[in-house]
Amino acid sequence: MTDAIRPLIAGNWKMNGLKAAAAEFDAMLNGAAEVAGKADLLVCPPATLIAAFADKAHGKKVAVGAQDCHPKASGAHTGDIAAEMLADAGATAIIVGHSERRADHGESDALIRQKAEAVWRAGAVAIVCIGETQAQRDAGQTLDIVRGQLNGSLPDGSTAANLVVAYEPVWAIGTGLTPTSEDVEQIHGFIRELLTSRFKADGVAMRILYGGSVKPSNAAELMAVKNVNGALVGGASLKAADFLAIAKGCP
Ligand code: PEP
C-alpha cells in the first residue's frame, strides 16, 4: 500500500438488493466507525436504492455510489440514468467501464471516457474499471490490454481527487480466483508508471483499487501489496460482516 494514499473499499452490489437490503446497509453503517481508521467505505447499490441509502448514510462513515451512468445529462434515452440524476439521489462516486458493462453492453473505451467526464460534470468521482480477460492473459497480452484501456478510458484532466482506477482481471471476478500477490504488484506497478507519466503528481497520488474475488480471507494479503490502494468488491460486499472485515484487512 502506498503510504500516503488512504485506502478505499468500494462495494459493487451489481443487480442485487431490494428495499429489504436496507437492513444489511444499516449493519454496515453501524460497523463503519470501527474501520474508519483503516479505509474510506463506499457502497454502490442498484440505482433504485441510492436515494434511500444516501439518506440513511447522511453524516455516517459510508458513502453511497452508483454503478454506471449515461454520458448525457438528459434527453431521449429510455431506461438510462444521467450522472446528474445519480448525484441528485446522493451518489458521490460512479463506477464506469465495469467489465460486465463492457461485455454485456459492448461499451468501448471511448464511451467509458465520456461517462467518466459525465461523472465529473455531475460533481462525483469516477471509478474507472480496467482488466484483461482469461484469453488475453493466456495470450500474454495483459499489460497491452491494461495500457490500452487506461489510455482510452481515462480522460485528460484526471486527478487524484476526481478519479479512481480499479484493476479487475475479468477472470477473477466472481470466480474465487485471484492473481498472485506478485502478479498484482507487477500490474499495479505498471499502472502507477502509466498514471505518473500521464498525470504527474496526480498519477502518483491516484488510488488504484484491486478487484476480483476479494474476501475477508485474502484481503489483508492483497491490500498489503505495493500500489494497491483499496479494493472494489462484488459478492463479498453484500454482507456487512464480510465488507467490514475486508476493510479491517487494510494495513
Ligand atoms: C466486481 O464485480 O467488481 C467484483 C470484483 O466482483 P467479485 O468481488 O464478486 O469478484
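These legends walk through several close-up views of a predicted model.

Local features here need pLDDT of at least 70, side-chain atom pairs count only at pLDDT 80 or more, and totals for chains, interfaces and linings use all residues. Residues are numbered from 1 along each chain as its sequence is written, and side-chain values use heavy atoms, with hydrogens and water left out.

**View 1. The shell around the ligand.**
The ligand has 14 residues around it, and those that come nearest are K14, H98, E168, G174 and S213. A residue makes the list if one of its heavy atoms lies within 4 Å of the molecule. Sorted by class, the shell has 8 polar, 4 nonpolar and 2 charged residues. For that sorting, Ala, Val, Leu, Ile, Met, Phe, Trp, Tyr, Cys and Pro count as nonpolar, Asp, Glu, Lys and Arg as charged, and the others, Gly among them, as polar.

Zoom in on K14 and you find an N or O atom of its side chain 2.5 Å from an oxygen atom of the ligand. On its own the ligand has 290 Å² of accessible area, and the protein covers 95% of that. The polar contacts here are pairs of N or O atoms within 3.5 Å, and the areas come from the Shrake-Rupley method with a 1.4 Å probe.

**View 2. The annotated binding site.**
An unreviewed UniProt entry lists N12, W13, K14, G174, S213, G234 and G235 under "binding site". These residues are spread over 224 residues of sequence but cluster in space, the largest C-alpha distance being 14.0 Å. From this set, N12 and K14 are in the lining of the largest pocket. A pocket, found on a 1 Å grid over the protein atoms alone, is an open set of points where a 1.4 Å probe fits, with protein on both sides within 12 Å along at least five of seven lines; lining residues have an atom within 4 Å of a point. Keep in mind that such annotations may be inferred rather than shown by experiment.

**View 3. W13 and K14 in one loop.**
W13 is in the loop between strand 1 (8-12) and helix 1 (22-35), and K14 is found in the loop between strand 1 and helix 1 too. Helices (H or I, at least four residues) and strands (E, at least two) are DSSP runs, numbered from the N terminus. W13 is buried at 1% relative accessible area, whereas K14 is partly exposed at 21%. Buried means under 20%, exposed over 50%, and partly exposed in between (1.4 Å probe, protein chains only). K14 also has a positive phi of about 55 degrees, though it is not a glycine. Most residues other than glycine have a negative phi.

**View 4. The annotated active site.**
H98 and E168 carry the "active site" annotation in the unreviewed UniProt entry. They are spread over 71 residues of sequence, yet cluster in space with a largest C-alpha distance of 8.5 Å. H98 is in the lining of the largest pocket. H98 is found in the loop between strand 4 and helix 4 (99-104), and counts as buried at 5% relative accessibility.

**View 5. K200 between two helices.**
K200 is in the loop between helix 8 (181-199) and helix 9 (201-205). K200 is exposed, at 53% relative accessible area, and has a positive phi near 55 degrees.

Terms used
Polar contact = N/O pair within 3.5 Å; in protein donor to acceptor, adjacent residues only side chain to side chain.
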